[in-house]
Amino acid sequence: MKKFVVKNWTEISQGLGVGIGFINFYVLYYSWHISWGISFAVAFGLGYLASAFFDDYVGDKLDKTKAKELSDAVEEFETK
C-alpha cells in the first residue's frame, strides 16, 4: 500500500482537495444558507489550497523518506 501512495500522491492530494471543497460547499450553502455563487467560490479556493498544501508539504516528506531509503540501500551495498 505504501508504494501505491508514494507513486500516486498527486492524484490522492487532488482528491483530498476536491473532497474538502465539496464539504465546504455543503456547509456554506445548505447549512449556513449562503448563496451558491459565494459558496462555490470559497469552497473552490479552500479545496485548491488544501490540494496544494497536501501535494507540497506531505509530498516533500514522502520524497525525503524515499531518498533516505535509497541512500541507506546504497550505503548497505557499499559495506558489503
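In which helix does Leu 49 lie? Leu 49 belongs to helix H3, which spans residues 36–79.

**Fold and confidence**

The protein chain has 3 helices and 0 strands. Read from the N terminus, the order of elements is α-α-α. The chain counts 80 residues, of which 15% are buried.

Mean pLDDT for the protein chain is 83. A value of 70 or more is reached by 80% of the residues. Confidence is lowest in helix H1, residues 2–7, where the mean is 56. It is highest in helix H2, residues 9–31, at 90. Where pLDDT is low, the predicted coordinates should not be read in detail.

**The nonpolar patch**

A nonpolar patch lies on the surface. It is formed by Trp 36, Ile 38, Phe 40, Val 42, Phe 44, Leu 46, Tyr 48 and Leu 49. Together these residues have about 910 Å² of accessible area. Leu 49, a member of this patch, has a relative accessible area of 54%. It counts as exposed because that value is over the 50% cut-off.

**The largest pocket**

The largest pocket holds about 260 Å³ of space. Its lining includes Gln 14, Gly 17, Val 18, Gly 21, Phe 22 and Phe 25. Phe 40, Ala 43, Phe 44, Gly 47, Tyr 48 and Ser 51 also line this pocket. The elements giving two or more residues to the lining are H2 and H3. Phe 40, Phe 44 and Tyr 48 are among the lining residues, and they are also part of the nonpolar patch.

**A contact point and a loop**

Gly 15 lies in helix H2. Its C-alpha atom is separated from that of Ser 51 by 7.7 Å. Along the chain, Gly 15 and Ser 51 are 36 residues apart. Ser 51 is also one of the residues lining the largest pocket.

His 33 is found in the loop between H2 and H3. Its phi is near 55°, a positive value in a residue other than glycine.

What is the relative accessible area of His 33?

| Residue | Relative accessible area | Class |
|---|---|---|
| His 33 | 66% | exposed |
| Leu 49 | 54% | exposed |
| Gly 15 | 42% | partly exposed |

Key. Residues are numbered from 1 along each chain as its sequence is written. This is a predicted model: local features need pLDDT of at least 70, side-chain atom pairs count only at pLDDT 80 or more; totals for chains, interfaces and linings use all residues. Side-chain values use heavy atoms; hydrogens and water are left out. pLDDT is the predictor's confidence in each residue, from 0 to 100. Helices (H or I, at least four residues) and strands (E, at least two) are DSSP runs, numbered from the N terminus. Patches are made of residues with over 30% relative accessible area and no salt bridge: like charges are joined within 9 Å, nonpolar side chains (Val, Leu, Ile, Met, Phe, Trp, Tyr) within 5 Å. Accessible areas come from the Shrake-Rupley method with a 1.4 Å probe; for residues, only the protein chains shown count as cover. A salt bridge is a side-chain nitrogen of Lys or Arg within 4 Å of a carboxyl oxygen of Asp or Glu. Buried means under 20% relative accessible area, exposed over 50%, partly exposed in between (1.4 Å probe, protein chains only). On a 1 Å grid over the protein atoms alone, a cavity is a set of points where a 1.4 Å probe fits but cannot get out, and a pocket is an open set with protein on both sides within 12 Å along at least five of seven lines; lining residues have an atom within 4 Å of a point. Grid points are joined across faces, edges and corners, and a volume is the space filled by probe spheres set on the points.
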